Amino acid sequence: SIQRHLSTTPSGSRIERMTVFGAGLMGAGIAQVGAQSGLKVTLSDVTDKALENGLNIISKSLSRVAKKKSPDDIEGFTKKILANIETTTDAGKAVEDTDLVVEAIIESIKVKRDLFGFLDSKAKAECIFATNTSSLSVTEIAESCGKERQERFAGLHFFNPVPAMKLVEIIRTPQTSTSTYESLKEVTLRIGKAPVTCNDTPGFIVNRLLVPYLLESIRMVERGDATPEDIDTAMELGAGYPMGPFKLLDFVGLDTTTYIAQGWRGKAASGQISKELVEPIELLDKLVKEGKLGRKSGQGFYEYENKK
Ligand code: 3HC
């Protein structure tokens, strides 16, 4: 059905070159899936070390993909895809000739606005700007750019792990033009992902439903109603989720979840989300304070052997 969609999508300007800002887990994943589908990708970050780390994430993931797609020539497969990826720490140069910018840097409205404000004067007029923010207002980020760019601005929200998760949320602001939206939908399909569309609201679709559920599961443990292990087993076997809420919390990062909930508390004041859903939780704050952030720190609700 992805192929059928592809042939009937009205052709806006076709995206051939993509520039990804941020070589962390999300940015590296986005660069990788773009390169795998033949886009010319530029990956940009502020230090060479960050870029190197990003390329490492990509190589590891590509060898996983290659084992399935090209088991006889893992190295050749990986090389061919890596050839579609350039890296640079020069942000201006990174967007010189690009058709699409996807930003996946830290979740700070100020840092994101500064970056896009700078890129607005460097990228060509037709270039589409997209943010992979999961918790900030796309409209507020877009306002760092001129009026015309705001029409070519949207949210493009991928899920972790990007190479494995099929979904992309396309977030339309009131300014996002229809042709921008159509171009993003078309490129999402070309990357092999399934697009859904949402207004610019807290958490869009997935996180708006997922984060309150994750927080509620922590409240359940805090009250002593059930253990993390039993809640995970319950949701995996009783609701068919691939990971129970505590495995997922450790996977996403307890700091990330805390950060999202904090940001939404501000929005609760203006009625965009109900206050009860995002009340602070002592147990969560305690773990974060102790540096127990999940898989990446070796401990969260569970302990992990391979500390990353
Ligand atoms: N690179 C390449 N391929 C990968 C990969 C990676 N990093 N991680 C997983 N895969 C592939 C595997 O190769 C495998 O492919 P196959 O089915 O073709 O053989 C497939 O994904 C499944 O992987 P596994 O067999 O190793 O393990 P699982 O079946 O347990 O799946 C999982 C792993 C896909 C992570 C699954 O557990 C899952 O879907 N978990 C839930 C993840 C989730 O909810 N993510 C969203 C988090 S919220 C978010 O990202 C939003 C943010 O804004 C906070």
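Me: Where does Lys 296 lie?
Reply: Lys 296 sits in the segment after helix 14 (282-289). Helices here are DSSP runs of H or I with at least four residues, strands are E runs of at least two, and both are numbered from the N terminus. Two notes before we go on. Residues are numbered from 1 along each chain as its sequence is written. This is a predicted model, in which local features need pLDDT of at least 70 and side-chain atom pairs count only at pLDDT 80 or more, while totals for chains, interfaces and linings use all residues.

Me: Thanks! Is Lys 296 buried, exposed or partly exposed?
Reply: Lys 296 counts as partly exposed, because it has 18 C-beta neighbours inside 10 Å. Buried means 20 or more other C-beta atoms within 10 Å of a residue's own, exposed means 12 or fewer, and partly exposed is in between, with C-beta atoms placed from the backbone.

Me: And which residues are buried in helix 14?
Reply: Leu 284, Leu 287 and Val 288 are buried there. They are on the same side of helix 14, because they cover an arc of only 100 degrees around the axis; the arc is that of the directions from the helix axis to the C-beta atoms. An α-helix has 3.6 residues a turn, so residues three or four places apart point the same way.

Me: What does the buried side pack against, and what is on the face turned away?
Reply: The buried residues of helix 14 pack against helix 10 (206-222) and helix 13 (254-269). Contact means that two C-beta atoms, placed from the backbone, lie within 7 Å. The face turned away carries the exposed residues Glu 282, Asp 285, Lys 286 and Lys 289.

Me: Switching topic: where does UniProt place the "binding site" feature?
Reply: The unreviewed UniProt entry places it at Gly 22, Ala 23, Gly 24, Leu 25, Met 26, Gly 27, Asp 45, Glu 107, Lys 112, Ser 134, Asn 160 and Lys 296. They do not all gather at one spot, because they span 275 residues in sequence and the farthest two C-alpha atoms are 23.9 Å apart. UniProt positions use the numbering used here, feature names are shortened, and annotations may be inferred rather than shown by experiment.

Me: What about Gly 27, is it buried or exposed?
Reply: Gly 27 is buried, with 26 other C-beta atoms within 10 Å. Gly 27 lies in helix 2 (residues 25-36).

Me: Which residues come nearest to the ligand?
Reply: Of the 17 residues around the ligand, Ser 61, Ser 134, Asn 160, Pro 163 and Ala 164 come nearest. A residue is near if its C-beta atom, placed from the backbone, lies within 6 Å of the molecule or strand in question. Helix 3 gives the largest share of the shell around the ligand, four residues.

Me: Which residue other than glycine has a positive phi?
Reply: Phe 204 has a phi near 55 degrees. Phe 204 lies in the loop between strand 8 (194-199) and helix 10.
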